[in-house]
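Subject: Structure for you to look over

Hello,

I am passing on the structure we spoke about, with my notes on it below. Please read the notes with the coordinates open.

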Amino acid sequence: MSIETGLPPDPLSVKLPLDKELVLKVIPMPADCNANGDIFGGWVMAQVDLAGSVIPARYAEGRMATVAVNEFIFKQPVRVGDILSFYSELTRIGRTSMTVKVEVYAERFGSQGRYIKVTEASVTYVAIDDAGQPRPVPVSSLPRPASPSL
C-alpha cells in the first residue's frame with residue numbers, strides 16, 4: 001500500500017513531467033465513448049491537436065495550421081471520467097513550422113493522484129498568412145539563447 005494514497009502500487013503509475021508545460025486538462029464524457037466503453041481515439045487526437053497548438057501559438061503571432069502528425073501512440077485506453085493532463089514542449093522551430101511533443105497522462109476516476117501515460121504524439125504546425133500560405137515564424141518571437149554566466 002502507498003502511504004500517500006492508501007492504494008496498492010500500480011506498475012503503470014508514473015510521475016508527471018517537470019520539463020514540460022501543462023497546457024490542458026479535460027475530463028472525457030460518455031458522449032466521447034465508443035461501443036467498447038473506451039474514449040474514441042479521434043476524440044483524444046482532437047484534444048492533442050488543441051494542446052499541441054498552445055505553445056506554437058505564442059511564436060506564430062497570427063494564424064497557424066496543423067500540417068503533420070509525425071507520430072501518435074496510444075499507450076493505454078482512456079476511460080469516461082479520467083482526468084487527462086496534457087503536457088507539451090516545443091521540440092523544433094523551423095523557418096515557417098514548429099514541432100511539438102505532447103504527452104497525455106490520466107488520473108483514473110477512482111485513483112486520483114496516480115498517473116499513467118495514455119498517449120504521446122509529435123505534431124507539426126505551420127504559420128500561415130491570410131491566404132493560407134506558409135509564412136515565416138517572426139524572428140522577434142523566437143526564444144533567445146541563454147547568456148553565458150561570467
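Of the contacts in the chain between residues at least 6 apart in sequence, 70% join residues at least 24 apart. Please keep in mind that this is a predicted model. The chain has 150 residues, and 39% of them are buried. Its exposed surface comes to about 8,600 Å², with 57% supplied by carbon and sulfur atoms.

Overall fold

Along the sequence they follow the pattern β-α-β-β-β-β. The five strands make an open sheet in the order E1-E3-E4-E5-E2, paired antiparallel. At its edges are strand E1 (21-26) and strand E2 (64-74), each of which pairs on one side only. On average, neighbouring strands of the sheet are turned by 25° against each other, direction ignored.

Strand pairs

Going through the sheet from E1, the pairing is as follows.

- E1 and E3 are antiparallel and share five bridges. Lysine 25 stands opposite serine 85 in E3.
- E3 and E4 run antiparallel and are joined by ten bridges. These two strands form a hairpin, with three residues between them. Within E4, valine 100 is the residue opposite leucine 90.
- E2 and E5 pair in the antiparallel sense over nine bridges. Alanine 68 has threonine 124 in E5 as its bridge partner.

Nonpolar core

The largest nonpolar core contains 25 residues. Val44, Val48, Leu84, Phe86, Val102, Val104 and Val118 have the most contacts inside it. Two or more residues each come from helix H1 (41-60), strand E3 (83-93), strand E4 (97-107) and strand E5 (116-127). H1 gives the largest share, seven residues.

Setting aside neighbours within four places in sequence, valine 104 is in contact with Val48, Leu84, Ser85, Phe86, Ile116, Lys117, Val118 and Thr119. Of the residues with the most contacts inside the core, Val48, Leu84, Phe86 and Val118 are among these partners of valine 104.

Individual residues

Tryptophan 43 is in helix H1. Its relative accessible area is 16%, which is under the 20% limit, so tryptophan 43 counts as buried. Not counting residues up to four places away in sequence, tryptophan 43 touches Val26, Pro28, Asp32 and Leu84. Aspartate 32, one of these partners, is eleven residues from tryptophan 43 along the chain, and their C-alpha atoms are separated by 6.7 Å.

Two serines in the sheet are also worth a look. Serine 122 lies in strand E5 and counts as buried at 16% relative accessibility. Beyond its neighbours within four places in sequence, serine 122 is in contact with Ala68, Val69, Asn70, Glu71, Thr99, Val100 and Lys101.

Serine 97 lies in strand E4. With a relative accessibility of 11%, serine 97 is buried because the limit is 20%. The side chains of serine 97 and arginine 92 are joined by a polar contact of 3.3 Å. Arg92 is also one of the residues that serine 97 touches, along with Thr124, Tyr125, Val126 and Val137, when residues up to four places away in sequence are not counted.

After the sheet

What is the exposure of glycine 132, in the segment after E5? Glycine 132 is partly exposed, because its relative accessible area of 34% falls between the 20% and 50% limits. The C-alpha atoms of glycine 132 and methionine 64 are separated by 8.5 Å, while the two residues are 68 apart along the chain.

Regards

Key:
Residues numbered from 1 in each chain as written. Predicted model: local features only at pLDDT ≥ 70, side-chain atom pairs only at ≥ 80, totals over all residues. Heavy atoms only, no water. Core = buried A, V, L, I, M, F, W, Y, C linked by side-chain atoms within 4.5 Å. Buried < 20%, exposed > 50% of the residue type's maximum accessible area, 1.4 Å probe, protein only. Helix = DSSP H or I, 4+ residues; strand = E, 2+ residues; numbered from the N terminus. Contact = heavy atoms within 4.5 Å. Pairing = 2+ DSSP bridges. Axes fitted to C-alpha atoms, helices over the stretch in contact; angles between N-to-C directions. Polar contact = N/O pair within 3.5 Å; in protein donor to acceptor, adjacent residues only side chain to side chain. Areas by Shrake-Rupley, 256 points an atom, 1.4 Å probe, with all protein chains shown as cover.
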